[in-house]
Amino acid sequence: MKPTLLLSLALGLTVSSALAGESRKVSPAKVVVFTNLFNEADTSGNGILNFEEFSNSYGASERPVITEIRYDALARFFKSEERGFPIEIRGIRLEDFIESNGGRRINPSKAQIFFAADDNDNGFLSLEEFFATRIQSASTEASAVKAFDKLDKNNDNQISPQEFGIGSIPG
Ligand SMILES: [Ca+2]
Ligand SMILES: [Ca+2]
Ligand SMILES: [Ca+2]
């Protein structure tokens, strides 16, 4: 048995007991698969995925805003030490990565996507902000502009929640 597998099985026990209170069962097979995906993504090898590492992981979406939402939902703050000084770092733990299927269990609603994409919090999506909600590739850029123009019914060069298809603004 390879050491990595032994480690995975040991972590599997931790995950199961940590989640027992939530009555969720994580199968050993799932623990092994997602531990491997996590370790591949953790290029710094510190046991935590930062945003850049998560962006290149299995849990990342082709839509940048969804990757951001998943990261924000899973990332926590940790105390660490650098050259003898305590620092605070943020990232995703292995347990949370496994439990959420690498983040893919987090599928945001249209409203969550709209408000996460609205970087300057003005209640509207500019073309640039709208791009983050779309699948990223060179060939889709033109179609993103087309989709933006189609949604922008009043031609004010921004997408309102209503134009985005969200009935009313929460809160
Ligand atoms: Ca890392
Ligand atoms: Ca905005
Ligand atoms: Ca508009």
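The following legends describe close-up views of a predicted model of a protein chain.

Local features are described only at pLDDT of at least 70 and side-chain atom pairs only at pLDDT 80 or more, whereas totals for chains, interfaces and linings use all residues. Residues are numbered from 1 along each chain as its sequence is written, with chains lettered from A and ligands numbered from 1 in the order in which they are written.

**Figure 1. Overall arrangement of the protein chain.** The secondary structure consists of nine helices and three strands, where helices (H or I, at least four residues) and strands (E, at least two) are DSSP runs numbered from the N terminus. From the N terminus on, the order of elements is α-α-β-α-α-β-β-α-α-α-α-α. Among contacts with a separation of 6 or more, 52% link residues 24 or more positions apart; a contact requires C-beta atoms, placed from the backbone, to lie within 7 Å.

**Figure 2. Surroundings of helix H4.** Helix H4 spans residues 64-74 and is mostly covered, with eight of its 11 residues buried. These are Val65, Ile66, Thr67, Glu68, Ile69, Arg70, Tyr71 and Leu74. They pack against helix H3 (51-55), strand S3 (85-93), helix H5 (94-99) and helix H6 (110-117).

**Figure 3. Packing of H4 with H6.** The two helices pack at an angle of about 95°, and their axes are 10 Å apart. Axes are lines fitted to C-alpha atoms, for helices over the stretch in contact, and angles run from 0 to 180 degrees between N-to-C directions. H4 is therefore roughly perpendicular to H6 (65 to 115 degrees; under 35 is roughly parallel, over 145 roughly antiparallel, and the rest oblique). H4 contributes Val65, Ile66, Glu68 and Ile69 to the contact, and H6 contributes Gln112, Ile113, Ala116 and Ala117. These residues comprise six nonpolar, one polar and one charged (Ala, Val, Leu, Ile, Met, Phe, Trp, Tyr, Cys and Pro count as nonpolar, Asp, Glu, Lys and Arg as charged, and the others, Gly among them, as polar).

**Figure 4. Strand pairing around S3.** Strand S2 (residues 76-82) pairs with S3 in the antiparallel sense over seven bridges; pairing requires at least two bridges found by DSSP. Arginine 76 has glycine 91 in S3 as its bridge partner. Two residues separate S2 and S3 in a hairpin, and arginine 83 in the turn has a positive phi of about 50°. Strand S1 (residues 48-49) runs antiparallel to S3 and is joined to S3 by two bridges, with isoleucine 48 opposite arginine 93 of S3.

Conventions:
Buried ≥ 20, exposed ≤ 12 C-beta atoms within 10 Å, placed from the backbone. Contact = placed C-beta atoms within 7 Å.
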